[in-house]
Amino acid sequence: MPPAALQINDLDYRKQSPEVADRFRRMKERPVVLSVRGLEKTFDSHEGPVTALKGLDFDVYRREFMCVIGQSGCGKSTLIRMLAGLEYPTEGEVLLDGNPAKGPCPDRGMVFQAYTLFPWLTVKQNVMFGPKMAGRGGVELEQEARQWIDMVGLSKFENSYPYQLSGGMKQRVAIARALANQPRILLMDEPFGALDAQTRCQMQSYLLQIWQKIDITILFITHDLDEAVYLADRILVLKANPGRIDEIIEVPVPRPRDMDQMISPEFIATKHRVNTLIHPPTEDPKEEKLSIPRLTPVGDDVD
Amino acid sequence: MSRPFQLRGSLSPGWKIGLAAGAWVLFFAIWHSLAVSGWANPRLLPSPLAVCRALAELFAEHGFAKDVLKSLNRVLLSFLIATAVALPLGILMGSFSVAENFINPLVSPFRYLPAPSFVPLLLMWLGTGENQKIALLFLGVIWFLITLLMDNTKAVRIELIETAQTLGAKPAQILRSVIFRSALPQYLDTLRQMLAVSWTYLVIAEIVAATDGIGAMMMRAKRFVRVDDIMAGILVIGVLGFVLDLLLRGLRWWAFPYLRTGKET
Ligand SMILES: Nc1ncnc2c1ncn2[C@@H]1O[C@H](COP(=O)(O)OP(=O)(O)OP(=O)(O)O)[C@@H](O)[C@H]1O
Ligand SMILES: [Mg+2]
């Protein structure tokens, strides 16, 4: 689509409407929930040490929705696993509300890409798992669990087992379960990656609705451009080898968001910017052309 | 819909039961015709009916029920002890590499030592009494049991453990509420399979210096060339093993409703 490409270059993703600019100003006045200082991770592999991430520095503000995007293998999962305390940094530190965060802790909730509901527990029991581990129980907890299940729209399924749920429903329960612990920040590693396109769109709008309703900060990993721009306040773009911050983009699309904005100029401009960062134009155009010999008779051209 | 002749086709319950029954009918029919055809000496190959008659006689006139209970007791008691030892070890070894790397070098080679080769030792150490038999049955399953239960423990998905960690569970809680609970159906499967192995050692334990039990009865019968009694003994062992297997399968079905779908999440 050459005409669109021409227009895109004229658009500036940094241009913010007064309302949007005001939103970002207010966001940055809020306290920092999560800060990352000089974070570095080196793995020992068979071919010697591999630096997955190097020199990461950024802050996430309270109630911010931050997306992290980058090519496969650039260290997104490594980053979020360090934030969750599942992996230890080689260098640097993670601060939660200014205090060093070491090891896994219920104040940093996590939703994984793989389905991680406990198959032997019902939906409600899954949601109550965290508080139960903290020694809570009783009718009060059950009521609370029901509220969370209600919030993700699964009241009818509170006594179902995970195998009775679709993929999207499982991830909604996983979100409710993480939120039931009332974490300071919700970490999500490509939570909708295994879902089909339609369910995915639905889940994105569910997530935005939940995020609007409760006091929660979200750090969300994705490799999907539309998803990142649609959800995020700011997008942290990672560069590979070693993984480091390329740019932190403030998304100029106003809130509340809906799918129709996907064709708005701000949306397209932002998406275009992220795209050029992730897929920089190659110097040698031949590189991307596959050399496949022609295996079909002449005369049935498809292009 | 049944697709009996398709690659990996599915079968309706009717087909399954029919096929299983057909296999047994065929088995008994061949056995019966071999026995009555005069092809084999009827003393060495009694017909199925003769075996059933011998079995009824054993129960009615020779107090066979006591032998059966004795054998059952030996298998279950030894297996209980073996489980009580192997389960904690398996869980520990599957959860902590320190435990695995310390215990496995011992357990692993022991699997290759045939338990019956310990019989002379056990006879000297423990005499000819009950302890010797329990010990043999114990030795027959313990090493495999430890290894298999460890593997079951290790097969618990790491994501489930990590999820529990991020939800605030402490290691002891994870061990109990996630690792043990998640692997429980697989533990039960392992126990069910090893229980079958335990029955194979029963006969070995009872043909050496035993006065009671199914195996002892069969050794007595051998002296009088009572092939029908021997076959009756084999039949009873088979039926007992099969019934225990069914019971454990039933327990699995009843205790883990979330696995009834066939597909595991
Ligand atoms: N446990 C490990 N040992 C060795 N190398 C690792 C380990 N985990 C990750 N890596 C390496 O670190 C780099 C970053 O991996 P990571 O999984 O964080 O990437 P990612 O951005 O999440 O990729 P994807 O989009 O495919 O999920 C990769 O090169 C990977 O090979
Ligand atoms: Mg990843």
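Reply: Happy to. In this predicted model, the contact draws on 25 residues of chain A and 21 residues of chain B, where contact means heavy atoms within 4.5 Å. Local features here need pLDDT of at least 70 and side-chain atom pairs count only at pLDDT 80 or more, while totals for chains, interfaces and linings use all residues; side-chain values use heavy atoms, with hydrogens and water left out. Residues are numbered from 1 along each chain as its sequence is written, chains are lettered from A and ligands numbered from 1 in the order in which they are written.

Let us begin with area. Between chain A and chain B about 2,200 Å² is buried, and carbon and sulfur atoms give 68% of that. Buried area is the accessible area (1.4 Å probe) that two parts lose on being put together, summed over both. On the chain A side, A:Trp120, A:Met133 and A:Tyr163 lose the most area to chain B, and together they make up 36% of what that side buries.

The rule finds one salt bridge across the interface of chain A and chain B, a salt bridge being a side-chain nitrogen of Lys or Arg within 4 Å of a carboxyl oxygen of Asp or Glu. The partners are A:Arg81 and B:Glu162, whose closest N and O atoms are 2.8 Å apart. Side chains of opposite charge can pair when their charged atoms come close. The interface also counts five residue pairs in polar contact, both residues being at pLDDT 80 or more. A polar contact is a pair of N or O atoms within 3.5 Å; within protein, one must be able to donate a hydrogen and the other to accept it, and residues adjacent in sequence count only if both atoms are side-chain atoms.

Which elements of chain A each supply at least two residues of the side that touches chain B? They are α3 (76–84), β6 (108–111), α4 (123–133) and α6 (167–180). Helices (H or I, at least four residues) and strands (E, at least two) are DSSP runs, numbered from the N terminus. The residues of that side divide into 18 nonpolar, three polar and four charged.

A:Glu87 sits in the loop between α3 and β4 (91–96) of chain A. Not counting residues up to four places away in sequence, A:Glu87 touches A:Lys41, A:Phe43, A:Arg81 and A:Met82.

Finally, the partner chain. Chain B has ten helices and zero strands, and its C-alpha atoms fill a box of roughly 70 × 60 × 30 Å along the principal axes. Of its 265 residues, 41% are buried, meaning under 20% relative accessible area, with exposed over 50% and partly exposed in between (1.4 Å probe, protein chains only). Within chain B, B:Arg220 forms a salt bridge with B:Asp67, the closest N and O atoms being 3.9 Å apart. That pair links helix α9 (residues 214–223) with helix α3 (residues 64–95) of chain B, 153 residues apart. B:Arg220 counts as partly exposed because its relative accessibility is 34%, whereas B:Asp67 is buried at 8%.

Conventions
Nonpolar A, V, L, I, M, F, W, Y, C, P; charged D, E, K, R; others polar.
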